[in-house]
Amino acid sequence: MADLDELKQKYKFHEETLSYFKLRAEAGFGSYPNAPSIEAARDINLQVTKKFAGEVEFEGSVKEFIVPSTHVKAGIPVTVYRSKQCSLVGAPSIFVFFHGGGNVVGSRQTCDVICKIFSRDAPCVVVNVEYRLGPEHRFPASNDDAKCVVRWVNFNKSLIGAVNNSTIGVGGDSAGGQLAAAVTHQLHGDIDYQVLIYPNVDYTQKYPSQEEFENFPGLSKEMTQWFSENYIDESDKESVLASPLLNEKFNCLPPALIILAEFDVLKDAGVAYHNKLKKAGIPSQTHCVRGVTHGFFHLPGHFKECCKRAHEKVYKFIKASS
């Protein structure tokens with residue numbers, strides 16, 4: 001319920017977070033719910049990424065593929081990154097990544113920089129997925145696309161620059177983390193590890209962090225409601241595809257790394273997911289980045305220090321899972 005000024009009395013904010021809000025306001029980036037159209041909201045998301053994601057040195061191949069799908073006549077576009085460092089390891093892992101954006105905004109463009117970083121530093125082959133979005137394609141369209149791409153990757157390892165014994169991991173930020181978590185329950189036998197970045201794993205529960213940060217400018221209650229209205233019906237929120245935390249069985253899932261932001265309505269749900277994994281005997285580790293807001297992870301051009309710590313956790317986890 002507290003606003004930013006009230007929270008400053010309670011928490012220590014990283015300077016990168018405060019300057020991000022200041023620069024974003026100065027640039028005139030509005031909130032998604034106030035945008036005149038869905039297309040305008042998506043453009044805001046893209047422009048924010050262009051301003052704050054920065055650039056990265058990358059040597060290697062970047063190729064486009066179309067994944068055949070019974071749900072999408074034209075197929076599902078993916079971008080595959082294979083850094084030159086992949087040639088230095090015998091069996092580079094394959095990391096399938098789903099961008100964030102509430103299943104309404106976001107695209108492969110918005111996570112291009114971090115996909116290159118992981119391919120270079122893990123090193124691994126990264127598959128960046130252009131799944132369908134609401135409101136044009138409501139739940140469970142994005143889940144169908146996520147499942148389809150992971151299955152395709154499992155049968156086309158050599159085509160994308162890996163080898164038959166390459167491990168497969170899934171990951172994503174926010175809504176992308178929800179997709180990654182959901183697909184591990186569906187295809188757990190095909191997935192070797194999961195990386196969930198402040199994932200939205202439960203549409204139905206009320207957690208303390210949801211109330212504490214509901215007016216926070218990073219991801220407010222108003223914004224989460226807008227995402228939900230444009231993506232999912234109320235009656236579908238208890239589906240385990242939408243809310244993976246509601247699954248009963250966790251003991252067959254792959255090891256997990258869960259990255260959290262301290263100032264985030266989704267933080268406590270992410271902790272609850274970690275606890276269910278641990279209770280089921282699944283290796284799971286969390287890393288909460290202090291002083292930072294939801295949405296920082298794909299913006300390393302601005303969140304240099306915060307992203308460095310979080311990104312290191314991810315590529316080291318991928319290395320250990322290869």
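In the predicted model, the cover over the buried residues of helix α3 includes α2 (15-26) and α8 (221-229). The buried positions of α3 are I38, A41, I44, N45, L46, V48, T49 and F52. An α-helix has 3.6 residues a turn, so residues three or four places apart point the same way. Helix α3 itself comprises 15 residues, 38-52, and spans 21 Å between its first and last C-alpha, close to the 21 Å expected at 1.5 Å a residue. After α3 comes G54, with a positive phi near 75°.

The chain as a whole contains ten helices and eight strands. Its radius of gyration is 18 Å; a compact globule of 322 residues would have a value near 20 Å, so the chain agrees with that expectation. Along the principal axes, the C-alpha atoms occupy a box of roughly 55 × 45 × 40 Å. Buried residues make up 59% of the 322 in the chain. Among contacts with a separation of 6 or more, 76% are between residues 24 or more positions apart. The accessible surface amounts to about 13500 Å², and carbon and sulfur atoms contribute 48% of this.

The eight strands form an open sheet with mixed pairing, in the order β1-β2-β4-β3-β5-β6-β7-β8. Strands β1 (60-67) and β8 (284-293) stand at the edges; each has a single partner strand, so one side of each lacks a neighbour in the sheet. From one strand to the next, the twist averages 20°.

Beyond its neighbours within four places in sequence, E262 contacts Y11, K12, F213 and K267, together with C288, V289, R290, G291 and V292. The second residue, L277, is located in helix α9 (residues 267-279). With a relative accessibility of 0%, L277 also counts as buried. Residues up to four places away in sequence aside, L277 touches Q194, F250, L253, A256, I258, I282 and S284. The C-alpha atoms of L277 and E57 are 36 Å apart in space, and the two residues are separated by 220 residues in sequence.

Most residues other than glycine have a negative phi, and most peptide bonds are trans. In this chain, the peptide bond between A122 and P123 is cis, with omega about -25°. P123 is situated in the loop that connects α4 (112-121) to β4. Another cis peptide bond links G134 to P135, with omega about 5°. P135 is in the loop between β4 and α5 (141-155).

Positive phi values also occur at S174 and Y198, neither of which is a glycine. For S174, phi is about 60°. S174 lies in the loop between β5 (168-173) and α6 (175-186), and its relative accessibility of 10% places S174 among the buried residues. For Y198, phi is about 25°. Y198 occupies the loop between β6 and α7 (208-212) and is buried, with a relative accessible area of 1%.

Terms used
Residues numbered from 1 in each chain as written. Predicted model: local features only at pLDDT ≥ 70, side-chain atom pairs only at ≥ 80, totals over all residues. Heavy atoms only, no water. Helix = DSSP H or I, 4+ residues; strand = E, 2+ residues; numbered from the N terminus. Expected span 1.5 Å × (residues − 1). Buried < 20%, exposed > 50% of the residue type's maximum accessible area, 1.4 Å probe, protein only. Contact = heavy atoms within 4.5 Å. Pairing = 2+ DSSP bridges. Axes fitted to C-alpha atoms, helices over the stretch in contact; angles between N-to-C directions. Rg over C-alpha atoms; globule rule 2.2 N^0.38 Å. Areas by Shrake-Rupley, 256 points an atom, 1.4 Å probe, with all protein chains shown as cover.
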